[in-house]
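These are a colleague's notes for someone opening this entry for the first time. Please read them beside the structure shown here.

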Amino acid sequence: HFVMRTALCCCLAAAPVAADIPERLNALLAEGRSAEAERLLREAAESGADAQPARYALGVTQFIRAVERLGQSLNRYGARPPNAMRMIAPVPRVPVPRAAEPEKIDYPTLRKIFERWVSDLREVERTLSRLTDEEVRLPLRLGMIRLDLDSDGKATDEEALWRIYLSLNPGAGITEENAAEFVIGLDRADAEWLRGYCHLLMALGEVMLAHDFEELLLRVGHVFFERVDSPYAFLQGSGVWDMGGDDVLDLIAMIHLMRFPVAEPQRMKAALEHFAAMTQRSRAMWKFAMRETDDDNEWLPNPRQKSVLANLTVTQEMVDEWAVFLDEFDAIFAGRRLLPFWRGGERGINLRRVFTEPTTFDLVLWIQGSAAVPYLEEGTLTDPAVWDRLQDVFQGNFIGFAIWFN
């Protein structure tokens, strides 16, 4: 093992590093050795003229490690597989194996998990921000990556990404053979895409950490974790009205408890900055993508390319309308455009002030409308024609394309 590691380190740091990195990286990730890959790539990323490919590979590996660490944390504390009820709650939907003997989780521990997640994403974004080579590329066998989600030191066949995806989408028809053949040709545009996604995920994490959700964990945490350090632990397994494995009474309580006081208001401003950075990265992504003349297993293709994802096509009209959306998005989060208020009147909601002047978040009162009152003002509303046009251009599935485009 020592000899292999030494040889790998030499290969990563040697002159032909750009050619060797993808093959070596894919081999390590397929063996579940992402931590080792991260250590070696960190050294190679500082090796001079050939550091750019190593830096790209390092950023991607750091993201994989971030997902793995989050999965390990959720496994350690007995996170339950997601169902319809958990989709509405602020718990990351990372599929993790069931822990044989999960530890009890408490509120400070849960906050630390999310703080680590945001910190890990920040490191990924920082690494990728140092890319300067427009021609940098990284072929990645995504489906063959293995994650040690149960922290047992072994990344098994069942922890390969293609198997995890298949467990969530049983009808996908994926086999190990076609998973091995599935290669994404990551390029500079995709680096900007990943940076943008990091900003999006950090923004969501900051919004969550800005609020105090301890009461939710104490009273209905048993819905999400097998063991919660709570005075209401007796609620575990004592359901009254079952709904898909959960109790309707817990669902009602969950909605009632979605009233989160502001704990760290500065995090809301940080989230606002991340949203702004996200759109900047999206513009940069399309700038690089539109310059491409090749067609090599594209994750996000320009209109002249084909996507590695089957049956997904990007048109010039989509690219143009996405730019319009980014402008409108920025205008809304900057307070230059107001969101329509669903309870009538000519005033609109200044979304920027929701982040810069945060108050207790109350889901029910927001739906009812009274929680929006502090942020209502007169001004220019976002144009409905923009959103109608987006739905038309994106074939009635703008949200789906937006998740892909970021």
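1. α3 passes α4 in a left-handed crossing, a term for the near helix being turned anticlockwise from the far one by less than a right angle, with clockwise giving a right-handed one. By class, the contact of α3 with α4 has 9 nonpolar, 3 polar and 5 charged residues, where Ala, Val, Leu, Ile, Met, Phe, Trp, Tyr, Cys and Pro count as nonpolar, Asp, Glu, Lys and Arg as charged, and the others, Gly among them, as polar.

2. On the basis of the entry, this is a predicted model, in which local features need pLDDT of at least 70 and side-chain atom pairs count only at pLDDT 80 or more, while totals for chains, interfaces and linings use all residues. Residues are numbered from 1 along each chain as its sequence is written, and side-chain values use heavy atoms, with hydrogens and water left out.

3. Helix α3 covers residues 34-44 and helix α4 residues 51-76, and the two pack at an angle of about 150° with their axes 9 Å apart; axes are lines fitted to C-alpha atoms, for helices over the stretch in contact, and angles run from 0 to 180 degrees between N-to-C directions. That angle makes α3 roughly antiparallel to α4, since angles over 145 degrees count as roughly antiparallel, under 35 as roughly parallel, 65 to 115 as roughly perpendicular and the rest as oblique. Helices (H or I, at least four residues) and strands (E, at least two) are DSSP runs, numbered from the N terminus.

4. Helix α11 (residues 266-291) packs against helix α12 (residues 316-333) at an angle of about 160°, with the axes 10 Å apart, which makes α11 roughly antiparallel to α12. Among the residues of α11 that meet α12 are Leu-272, Phe-275 and Trp-286, and the α12 side includes Val-319, Trp-322 and Phe-333; contact here means heavy atoms within 4.5 Å. The residues of this contact of α11 with α12 divide into 10 nonpolar, 3 polar and 3 charged.

5. Helix α11 also meets α8, for the axes of α8 and α11 come within 8 Å and cross at roughly 165°. The two helices are therefore roughly antiparallel to each other, and the contact of α8 with α11 has 17 nonpolar, 3 polar and 6 charged residues.

6. An open sheet of 3 strands has the order β6-β7-β9, with antiparallel pairing; two strands pair if DSSP finds at least two bridges between them. Its edge strands, β6 (339-340) and β9 (376-377), each pair on one side only. Between β6 and β7 (residues 348-349) there are 2 bridges, and Pro-340 has Gly-348 in β7 as its bridge partner.

7. Aromatic pairs number 25 in a search of the whole structure, counting rings of Phe, Tyr and Trp (its six-membered ring) whose centres lie within 6.5 Å, with planes under 30 degrees apart called stacked, over 60 edge-to-face and the rest tilted. The rings of Phe-114 and Phe-213 have centres 6.5 Å apart and planes at 70°, so this pair is edge-to-face. Phe-114 lies in helix α5 (residues 107-128) and Phe-213 in the loop between α8 (188-209) and α9 (214-220), so that the pair links distant parts of the chain, 99 residues apart.
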